[in-house]
Amino acid sequence: MGFLTGKTAIITGAGRAVLSDGRCGSIGYGIAAAYAKEGANLVITGRNLKKLEDAKEELERLYGISVLIMQADVNAGADNEAVVAGVVEKTMEAFGRIDVLINNAQASASGVTLADHTTEQFNLALYSGLYAAFYYMKACYPHLKETKGTVINFASGAGLFGNFGQCAYAAAKEGIRGLTRVAATEWAKDGVNVNIICPLAWTAQLEQFEKAYPDAFKENVKMPPAGHYGDSELEIGRVCVQLASEDFKYMTGETITLEGGMGLRP
């Protein structure tokens with residue numbers, strides 16, 4: 001029996017990705033693995049169906065839990081409320097409850113300066129990140145209220161520190177931070193715990209960023225004092241497990257995983 005046995009978590013952007021050395025290369029998948037080890041049934045979404053299928057196969061085989069995969073893309077040209085409503089409806093049909101919502105999905109054109117950013121690139125970041133969090137939080141709220149559940153959103157040091165070449169990404173992430181704080185204020189009376197994580201983990205996306213934009217990478221990505229980047233499952237994923245545990249049921253704040261350290265700031 002794990003900490004989350006019998007509970008259901010929706011994790012956006014949780015397709016399986018690997019680093020060049022074969023290790024886990026996706027924060028979303030790392031979180032999914034951490035939750036699966038604790039017995040939670042999962043609903044994982046993403047744009048790439050093959051990555052979702054690979055995640056489902058591995059998680060169900062290794063941990064004996066049930067995984068529902070949903071190809072879902074929040075973007076400027078979609079009926080996004082209907083897309084998200086479909087995910088929530090199928091989650092309830094499959095599992096009958098929603099205990100945790102983790103808004104991890106985010107796409108962006110990192111490395112492109114503000115002056116060179118197009119409207120399409122700006123919309124990519126805002127819709128995949130900020131708007132997705134907004135729609136999922138609204139759609140899941142009635143169910144989270146019933147289970148006294150948990151919302152975990154993801155922001156970034158890009159917004160906190162104004163990283164070069166990440167204007168749309170930073171704008172989306174700062175918007176998510178503001179949205180999270182408002183939800184924490186409004187939903188505390190309902191017993192819904194709302195937190196945000198600003199991670200620094202070595203991912204396949206960050207690996208690709210280093211290759212595509214070495215100058216921007218060198219300017220923005222600094223090695224933490226601990227001498228290593230966060231591990232998607234063992235550090236980021238385990239923090240997400242802790243935030244959904246009973247120990248944190250009535251603690252709402254901002255979880256920071258930057259510069260190699262972790263702490264909860266109320």
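Helix α4 passes helix α6 in a right-handed crossing. In this predicted model, the two helices pack at an angle of about 15°, with their axes 7 Å apart. That angle makes α4 roughly parallel to α6, since angles under 35 degrees count as roughly parallel.

**Packing of α4 against α6**

- Helix α4 covers residues 119–147, and helix α6 covers residues 167–187.
- On the α4 side, the contact is made by Q121, F122, A125, L126, G129, L130, A133, F134, M137 and Y141.
- On the α6 side, the contributing residues are C167, A168, Y169, A171, A172, G175, I176, L179, A183 and W187.

**Aromatic residues**

- The structure holds 4 aromatic pairs.
- One of them joins Y127 and Y131 in a stacked arrangement, at 4.5 Å centre to centre and with 15° between the planes.
- Both Y127 and Y131 belong to helix α4, where they stand 4 residues apart, about one turn of the helix.
- Y127 has a relative accessibility of 17% and therefore counts as buried, the limit being under 20%.
- Y131, with a relative accessible area of 32%, is partly exposed.
- F134 and Y135 form a tilted pair, because their ring centres are 5.3 Å apart and their planes stand at 55°.
- F134 is partly exposed at a relative accessible area of 33%, whereas Y135 is buried at 16%.
- Ring pairs join Y127, Y131, F134 and Y135 into a cluster.

**Nonpolar cores**

- The largest nonpolar core has 32 residues, of which Y35, L42, I44, L59, I102 and F154 touch the most other members.
- Two or more residues of this core come from each of β1 (8–12), α1 (27–37), β2 (41–46), α2 (49–63), β4 (100–103), β5 (150–154) and α9 (232–243).
- Helix α1 gives the most to this core, with 8 residues.
- Another core, of 22 residues, lies apart from the largest one and includes M70, V74, A132 and V151.
- L59 is in contact with Y29, A32, A33, A36, L42, G64, I65 and V67, leaving aside its neighbours within four places in sequence.

- Helix α1 is mostly covered, as 10 of its 11 residues are buried.
- The buried residues are I27, G28, Y29, G30, I31, A32, A33, A34, Y35 and A36.
- The elements that cover these residues include β1, β2, α2, β4, β5 and α9.
- The axes of α1 and α2 come within 10 Å and cross at roughly 25°.
- Helices α1 and α2 are therefore roughly parallel to each other, and their crossing is right-handed.
- Y29, A32, A33, A36 and K37 of α1 meet A55, E58, L59 and Y63 of α2.

**Individual residues in strands and loops**

- N103 lies in strand β4 and is buried, with a relative accessible area of 6%.
- Neighbours within four places in sequence aside, N103 is in contact with T12, A132, A133, Y136, M137, V151, I152, N153 and F154.
- L68 is placed in strand β3 (residues 67–71) and is partly exposed, with a relative accessible area of 22%.
- Although L68 and T91 are 23 residues apart along the chain, their C-alpha atoms are separated by 7.6 Å.
- Not counting residues up to four places away in sequence, L68 touches L42, V43, I44, K90, T91, A94 and F95.
- Two of these partners of L68, L42 and I44, are among the residues that touch the most other members of the largest nonpolar core.
- K148 is found in the loop between α4 and β5 and counts as partly exposed, at 41% relative accessibility.
- Phi of K148 is near 55°, a positive value in a residue other than glycine.

Definitions and conventions:
Residues numbered from 1 in each chain as written. Predicted model: local features only at pLDDT ≥ 70, side-chain atom pairs only at ≥ 80, totals over all residues. Heavy atoms only, no water. Core = buried A, V, L, I, M, F, W, Y, C linked by side-chain atoms within 4.5 Å. Buried < 20%, exposed > 50% of the residue type's maximum accessible area, 1.4 Å probe, protein only. Contact = heavy atoms within 4.5 Å. Phe/Tyr/Trp six-rings, centres within 6.5 Å; stacked < 30°, edge-to-face > 60°. Axes fitted to C-alpha atoms, helices over the stretch in contact; angles between N-to-C directions. Parallel < 35°, antiparallel > 145°, perpendicular 65-115°, else oblique. Left-handed = near helix turned anticlockwise from the far one by under 90°.
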